[in-house]
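Thanks for coming. I will take a few minutes to walk through one structure, for those who have not seen it before.

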Amino acid sequence: MRSVASTVLTLVLFATYLGIGALAHDTHFSLGWVLASTVLVWAGPAQIILISTLGSGATVVQAAIAVTVSAIRLFPMVVSVLPMMRTEQTKRRHLVLATHFIAVTLWVECFRLFPQVPRERRIAFTHGLGIGLCSVCLFATTLGYGLAANLPPLLGAAILLLTPLAFLLSTARNCRQLSDVLALVLGLALFPLVSLLQTGVDILISGISAGTIAYGVHRWRERQ
Amino acid sequence: MSDFIGDWHALLVLVIAGFLPNEVWRMLGLWFGGGIDEGSELLVWVRAVATAILAGVIAQILVLPPGSLASIPDWLRYGAVAAGFAVFMLTRRSIFAGVVGGEAVMLAGKWWLG
C-alpha cells in the first residue's frame, strides 16, 4: 500500500479517472457502467476512446476497432515486464491477473520498484499494487461522476479539461524518440482536419496516418 | 445512448467494444511474448500509431468538447492547454505543475469573461 500512496503517478491517474467519471456523466453513461469499465478495461486511453466514440454516436464495431488499436501498446508492455516476474515454478495461469493489471502506470512502477522486491514475491506485489491503484481509480471515477452531476458548469468544465491535460503531458513525458514526438504533434494536428470528413472513424484515420508518417520520418533519419 | 443505460445491453457493449478488444493484447503478450525484441521496428511503428491515436483523442475532446466543457470558448480551451504545456516545459516536465497551470488559465479566463 505504501507503494500506491507514494507514487506521483497516482496523482496523475487520480486526475485522469476524475476526468473519466465526469466524461461518462456528460455523455450519459450510468455510474455502474463506468465503474465496470474501470475494472474490466483498466486502461485510461481505451476507456476515454470507448466513452467518447460511443457517446458521439459511433457503432459498437467502430468503437471496438478504435479501442483495440489503442490497446496494441499494452502488448510490448506485457512482453517486457513479465520476464521480471517469472520464476522456474511460475505457470502461465499464475500470471493472468497480474497481466490484466498491466497498464502504463503499473508498467512504469514495476520497473522502478521491482529491484526492491524478491523475485518470488513479485506476482503478489503486482496484485497488491494493481488492486490498490484500481481502488483509488474507482474512487476517483465515482467522485468525478458525482462532481460533474452536482457542480456548477465552470467547475465541471475544469474537471473535463483534466483529461486532455493529463494525457497530453504524460504522453509528452513518455516520448522516447523522435518518432514518438512527431506522432504526438501530427496526431494532434491531423485530427481536426480528418474530422471535417465525418467518417465515423476519424480517430483511426488520423492516428494511423500520423503514426505512419512519424515512423517514416524516423526510418528516413536512420538511413541518413 | 439513453435507451440502454444500465441494462444488460449496455454491459454487453462494454464487453464487446471495450473489454475484449483491449484485453486481447495483454493476453497475446502473455502467450506469445517470449521472442519479441522491445526495440524492434514493428514496435516502434506500433508505438507511434498508438501515440497518434491518443493525440487524436486529446484533440477530439478539445475540438468537439463534451458536456459542460462546451461552455468554454474555443480559444480559451486551446489557450489553457497551450499554457499548461508551457508550464510543463518550464518546470522540467512536471505533469502536476502543467495540469495546475492549464486549469488556472482556464478558470481565470472564464472568470474574466464573466
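First, the ground rules. This is a predicted model, in which local features need pLDDT of at least 70, side-chain atom pairs count only at pLDDT 80 or more, and totals for chains, interfaces and linings use all residues. Residues are numbered from 1 along each chain as its sequence is written, chains are lettered from A and ligands numbered from 1 in the order in which they are written, and side-chain values use heavy atoms, with hydrogens and water left out.

Now the interface. Chain A has 92 residues in contact with 69 residues of chain B, contact being heavy atoms within 4.5 Å. The area buried between chain A and chain B comes to about 7,200 Å², and carbon and sulfur atoms give 76% of that. Buried area here is the accessible area (1.4 Å probe) that two parts lose on being put together, summed over both. Of the area that chain A buries against chain B, F75(A), L161(A) and L169(A) supply 9%, more than any other three residues. On the side of chain A that touches chain B, helix α10 (residues 153-174) of chain A gives the most, with 20 residues. Helices are DSSP runs of H or I, at least four residues, numbered from the N terminus.

Take one residue from that helix: F167(A) lies in α10 of chain A. Is F167(A) buried or exposed? F167(A) counts as buried because its relative accessible area is 10%, and buried means under 20%, exposed over 50%, partly exposed in between (1.4 Å probe, protein chains only). Leaving aside neighbours within four places in sequence, F167(A) touches residues of both chains, among them P45(A), I48(A), L54(B) and I58(B). F167(A) and P45(A) are 122 residues apart along the chain, yet their C-alpha atoms are separated by 8.1 Å.

Next, helix α3 (residues 31-40) of chain A, where W33(A), V34(A), A36(A), S37(A) and T38(A) are buried. Just after this helix, W42(A) takes a positive phi of about 50°.

Last, chain B. Which helix of chain B gives the most to the nonpolar patch? That is helix α4 (residues 95-113), with three residues. L113(B) lies in this helix, and L113(B) counts as partly exposed because its relative accessibility is 41%.

That is all I have; questions are welcome.

How values were computed: Helices (H or I, at least four residues) and strands (E, at least two) are DSSP runs, numbered from the N terminus.
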